[in-house]
Amino acid sequence: MFVTRSTIIRGIAAFNKQSSTRALHTTPLAMAPIKVGDPLPSVDLFEDSPANKVNISDLTAGKKVVLFAVPGAFTPGCSKTHLPGYVQSADKLRTEGVAEIVCVSVNDPYVMAAWGTQHNTKGKVRMLADPSGNFIKALDLGTNLPPLGGFRSKRFSMVINNSKVEELNVEPDGTGLSCSLADKIKIKK
């Protein structure tokens with residue numbers, strides 16, 4: 001059988017007709033956003049470079065961790081208020097039993113490392129990159145912010161105890177600076 005131009009065009013037309021009458025679903029069923037009591041997903045994030053993977057579930061196993069996420073490194077609200085608040089509160093949070101403080105953003109690991117250096121986070125806040133947004137997608141806490149490049153994290157904070165969410169504070173508009181700030185974290189004894 002010879003394949004002719006008209007055979008190909010008929011095949012494309014038949015596919016287009018079928019596609020327009022029935023939607024093709026290729027994504028999994030929608031998840032509900034993570035909530036208090038849920039376990040963290042096992043997702044690899046990156047610290048300093050793409051070679052340094054940090055599995056967030058493993059990192060939080062057997063200890064209390066404060067994790068906060070920002071829409072983007074070097075953005076005004078994140079750089080002037082959100083990250084500096086956690087850097088300044090690091091010692092206080094550690095005296096309350098927090099083993100790690102983690103900042104996550106949908107950025108590459110080099111950007112997160114540079115942002116951390118600019119804000120003197122070493123030994124206070126771990127700067128973890130979620131370059132493809134896999135962690136944020138697994139939490140269902142993403143948002144579309146075209147001026148920042150598209151898919152980003154909503155602004156939120158959480159207290160994690162042995163890889164389970166103990167407290168969750170998601171900004172009502174996804175980007176504001178109120179409930180997710182360091183001074184709003186409540187550590188349970």
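Predicted model: local features only at pLDDT ≥ 70, side-chain atom pairs only at ≥ 80, totals over all residues.
Lys-92 is partly exposed, at a relative accessible area of 49%. Glu-96 is partly exposed as well, with a value of 22%; the cut-off for buried is under 20%, so Glu-96 is not counted as buried.

**The salt-bridge network**

Next, select Glu-47, Lys-63, Glu-100 and Arg-126. Salt bridges with shared partners join these four residues into one network. Side chains of opposite charge can pair when their charged atoms come close.

Within this group, zoom in on Lys-63 and Glu-100, whose closest N and O atoms are 3.5 Å apart in a salt bridge. Lys-63 is in the loop between helix H2 (56-60) and S3, while Glu-100 belongs to strand S4 (residues 100-105). The two are 37 residues apart, and the pair links distant parts of the chain. Buried or partly exposed: which applies to Lys-63? At 25% relative accessibility, Lys-63 counts as partly exposed. Glu-100, at 13%, counts as buried.

**From S3 to S9**

Move on to Lys-64 and Glu-166. Their side chains form a salt bridge at 2.9 Å, N to O. Lys-64 lies in strand S3 and Glu-166 in strand S9 (residues 164-170), so this pair ties together parts of the chain that are 102 residues apart in sequence. Lys-64 counts as buried at 11% relative accessibility, and Glu-166 counts as buried at 17%. Searching the whole structure gives 6 salt bridges.

**Aromatic pairs**

Now show the aromatic side chains. How many aromatic pairs does the structure hold? There are 2. A pair of aromatic rings is described by the distance of the centres and the angle of the planes.

Select Phe-68 and Tyr-86 to see a stacked pair, with 3.9 Å from centre to centre and 5° between the planes. Phe-68 is in strand S3 (residues 64-70) and Tyr-86 in helix H3 (residues 76-95), so the pair ties together parts 18 residues apart in sequence. The relative accessible area of Phe-68 is 0%, and the residue is buried. Tyr-86 also counts as buried, at 0% relative accessibility.

Then select Phe-74 and Trp-115. Their rings form a tilted pair, 6.3 Å centre to centre with 50° between the planes. Phe-74 sits in the loop between S3 and H3, and Trp-115 in helix H4 (residues 109-118). This pair links distant parts of the chain, 41 residues apart. Phe-74 is partly exposed, with a relative accessible area of 40%, whereas Trp-115 is buried, with a relative accessible area of 0%.

**A charge over a ring**

For a contact between a charge and an aromatic ring, select Lys-137 and Phe-151. The charged end of Lys-137 sits over the ring of Phe-151, 5.3 Å from the ring centre.

**The annotated cysteine**

UniProt lists Cys-78 for "active site", in an unreviewed entry. The residue is found in helix H3. Is Cys-78 buried or exposed? At 0% relative accessibility, Cys-78 counts as buried.

Which residues does Cys-78 touch, not counting those up to four places away in sequence?

- Val-70, Pro-71 and Gly-72 are among them.
- Leu-83 and Pro-84 are also among them.
- Trp-115 and Arg-155 belong to the list too.

**The whole chain**

Finally, switch to a cartoon view of the protein chain, which has 5 helices and 9 strands. Trace the elements from the N terminus in the order α-β-β-α-β-α-β-α-β-α-β-β-β-β. The chain has 189 residues, of which 45% count as buried. Where contacts join residues at least 6 apart in sequence, 63% of them join residues at least 24 apart.

How values were computed. Residues numbered from 1 in each chain as written. Heavy atoms only, no water. Helix = DSSP H or I, 4+ residues; strand = E, 2+ residues; numbered from the N terminus. Buried < 20%, exposed > 50% of the residue type's maximum accessible area, 1.4 Å probe, protein only. Contact = heavy atoms within 4.5 Å. Phe/Tyr/Trp six-rings, centres within 6.5 Å; stacked < 30°, edge-to-face > 60°. Lys NZ or Arg CZ within 6 Å of the ring centre and 35° of its normal. UniProt positions renumbered as here; feature names shortened; annotations may be inferred.
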